Amino acid sequence: MPLHLLKLCVGAESIADLEGWIARRRRAAERGGGVFEQFHTTRMVPKRVAELTDGGSLYWVIKGIVAARQPLLEVRPFTDGDGISRCHLVLEPVVIPVRPRPCRPFQGWRYLPVEDAPADLGAVEAEVGHLPEKMRKDLRELGLI
C-alpha cells in the first residue's frame, strides 16, 4: 500500500510559483544540454522507501495549506561534500492540485497515510486550481465549485 510524504514548500506563494520553479529548472537543464530530473533534497532519509515508491506522492504545503502533490518516483540517498547524509526525492515534474486543507508549520517532512491524504481536485476545481486559496474557498462556500 502506498504511503505519502508531506513537506513545506518554503518560499512558494502559490501552485503557480512551484510550477514556475520546475519550469525554470527544466529550461536550465535543457540549455546546459543535460537531462532534466526534478528532485527535492532533504536532510533526513525516509525509512519506508518501498511504501513511498509504491504509488506515493510528495504533498506540498504552500502558505499553510496542503495545496498540491507530485508523484514520488525514487528516494535516492547520498552523502554531500561535508559528509552529511541526505537524499533526493525524485519527483514526477507534474504538479497536481489537491483539495486544500490547512496545515500547521513543521520542520522536515512527515509521513502521510493514504487515508489522510487530500483528494485531487475534480475537473471543475482543477480549472480554478491556480486561483488564490481564499478565492477558491469563497467560491466553494457559495456552491460555485
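**View 1. K63, an exposed residue in the loop between β3 and β4.** K63 counts as exposed because its relative accessibility is 56% (exposed is over 50% relative accessible area, buried under 20%, partly exposed in between, with a 1.4 Å probe and protein chains only). Its place is the loop between β3 and β4, where helices (H or I, at least four residues) and strands (E, at least two) are DSSP runs numbered from the N terminus. Look at the backbone too: phi of K63 is near 55°, a positive value in a residue other than glycine. Bear in mind that this is a predicted model, in which local features need pLDDT of at least 70 and side-chain atom pairs count only at pLDDT 80 or more, while totals for chains, interfaces and linings use all residues. Residues are numbered from 1 along each chain as its sequence is written, and side-chain values use heavy atoms, with hydrogens and water left out.

**View 2. I84 in the loop between β4 and β5.** With 34% relative accessibility, I84 counts as partly exposed. Skip the neighbours within four places in sequence, and I84 is in contact (heavy atoms within 4.5 Å) with R43, F78 and T79.

**View 3. L5 and the largest nonpolar core.** L5 sits in strand β1 and is buried, with a relative accessible area of 0%. Not counting residues up to four places away in sequence, L5 touches P46, L52, S57, L58, Y59, L72, L89, W109, R110, Y111 and L112. Between L5 and A50 there are 45 residues of sequence separation and 13 Å of space, C-alpha to C-alpha.

**View 4. W60 and the second largest pocket.** Leaving aside neighbours within four places in sequence, W60 is in contact with K7, L8, C9, L18, H40, I65, V66, A67, A68, Q70 and L91. W60 also lines the second largest pocket, along with L8, C9, V10, G11, A12, D17, L18, W21, Q38 and H40. A pocket here is an open set of points on a 1 Å grid over the protein atoms alone, where a 1.4 Å probe fits, with protein on both sides within 12 Å along at least five of seven lines; lining residues have an atom within 4 Å of a point. About 160 Å³ of space lies in this pocket. α1 (15–31) and β2 (38–42) each supply at least two lining residues, and α1 gives the largest share, 3 residues.

**View 5. C9 and C103, two cysteines in no disulfide.** The structure holds 0 disulfides (a disulfide is a pair of cysteine sulfur atoms within 2.5 Å). For C9, the nearest cysteine sulfur is that of C103, 13 Å away. C9 counts as buried because its relative accessibility is 10%, and C103 counts as buried at 18%.

Definitions and conventions. Points joined across faces, edges and corners; volume = space filled by probe spheres on them. Core = buried A, V, L, I, M, F, W, Y, C linked by side-chain atoms within 4.5 Å.
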